[in-house]
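Work through the exercises below with the model open. Each task is followed by its solution.

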Amino acid sequence: MDILLTHCYFLEDDEKEQKIMRPYPPLGILYISGYLEDQGIENEVFDTTFSSKAAYRTYLLTHRPRVIGIYVNLMTKLNVLEAIRFVKEHLPDTVIILGGPEVRYSAENFLRYGADYIVIGEGEETMSELVKCIVMEAVLEDGAGERTIETVVDIPGIAFLKQGNFVQTAERQKIKDLNELSIPNRKKINMRQYLDLWKK
């Protein structure tokens with residue numbers, strides 16, 4: 001597997017939501033998924049909402065994604081940090097990309113914790129360009145096995161560490177024509193679980 005998009009929200013750990021039972025599908029990563037597919041970039045989505053941390057880890061170890069993109073918000077931040085530790089320990093060759101509302105003002109902290117790239121702002125175009133660099137081998141590796149970053153410095157809307165120094169590229173312009181956005185890739189998740197739960 002080359003590209004995996006996921007998040008770290010687990011309904012089984014959310015006691016407040018369990019009383020309401022109105023969880024929402026992860027539209028952010030579904031928009032990204034749809035956009036990537038429209039760009040010819042195959043990807044998979046692992047929706048953690050109805051899963052468990054154990055099943056999540058098993059999935060990662062089984063499929064061993066080349067790139068994992070994780071959506072981060074304030075509620076899932078600690079779970080994301082836990083996921084970063086797990087991936088770095090068990091899948092050291094997997095590139096970790098973080099996006100979502102929580103990353104902008106903590107980008108350097110996330111990177112120093114183990115993330116490889118931070119996507120800041122709207123993620124569709126940025127993710128497309130970034131994964132092309134990574135998966136299509138535009139990001140080269142030197143003889144020591146360290147990733148050479150120079151090929152990504154012109155991608156707006158990202159942050160990364162270069163020789164230990166924090167680098168943030170120019171802000172990406174927002175997409176003005178919403179018709180350019182892809183439809184959320186709902187076929188990548190089990191929508192029936194959400195619909196049935198809401199009806200029940």
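**Exercise 1. The hairpin**

In S7, which residue is the bridge partner of alanine 159?

*Solution.* Start with the basis: this is a predicted model, where local features need pLDDT of at least 70, side-chain atom pairs count only at pLDDT 80 or more, and totals for chains, interfaces and linings use all residues. Residues are numbered from 1 along each chain as its sequence is written, and side-chain values use heavy atoms, with hydrogens and water left out.

Step 1. Find the partner: glutamine 168 in S7 is the bridge partner of alanine 159. Strands (E, at least two residues) and helices (H or I, at least four) are DSSP runs, numbered from the N terminus.

Step 2. Take the strand pair. S6 and S7 run antiparallel and are joined by 4 bridges. Two strands count as paired if DSSP finds at least two bridges between them.

Step 3. Inspect the turn. The hairpin of S6 and S7 has 2 residues between the strands, and glutamine 163 takes a positive phi near 55° there.

**Exercise 2. The sheet**

Give the order of the strands in the open sheet.

*Solution.* Step 1. The order is S2-S1-S3-S4-S5-S6-S7, with mixed pairing among the 7 strands. At the edges are S2 (44–46) and S7 (165–168), each pairing on one side only. Neighbouring strands are turned by 25° against each other on average, direction ignored. Here axes are lines fitted to C-alpha atoms, for helices over the stretch in contact, and angles run from 0 to 180 degrees between N-to-C directions.

Step 1. Check a parallel pair. S3 (residues 67–71) and S4 (residues 95–99) run parallel, joined by 5 bridges. Isoleucine 68 stands opposite isoleucine 96 in S4.

Step 2. Check an antiparallel pair. S5 (residues 117–119) and S6 (residues 158–162) share 2 bridges in the antiparallel sense. Valine 119 has isoleucine 158 as its bridge partner in S6.

Step 3. H3 lies across S1 (3–6), S2 and S3, at about 155° to S2. Contact means heavy atoms within 4.5 Å.

**Exercise 3. The cavity**

Which residues line the largest cavity?

*Solution.* Step 1. Search the whole structure: 1 cavity of 30 Å³ or more is found. A cavity is a set of points on a 1 Å grid over the protein atoms alone where a 1.4 Å probe fits but cannot get out; lining residues have an atom within 4 Å of a point.

Step 1. List the lining: Cys8, Phe10, Lys53, Tyr56, Arg57, Leu60, Asn79, Glu82, Ala83 and Phe86. Helix H3 (53–63) and helix H4 (77–90) are the elements that give two or more residues.

Conventions: 1 Å grid on protein atoms, 1.4 Å probe; cavity = no way out; pocket = protein on both sides within 12 Å on 5 of 7 lines; lining within 4 Å. Points joined across faces, edges and corners; volume = space filled by probe spheres on them.
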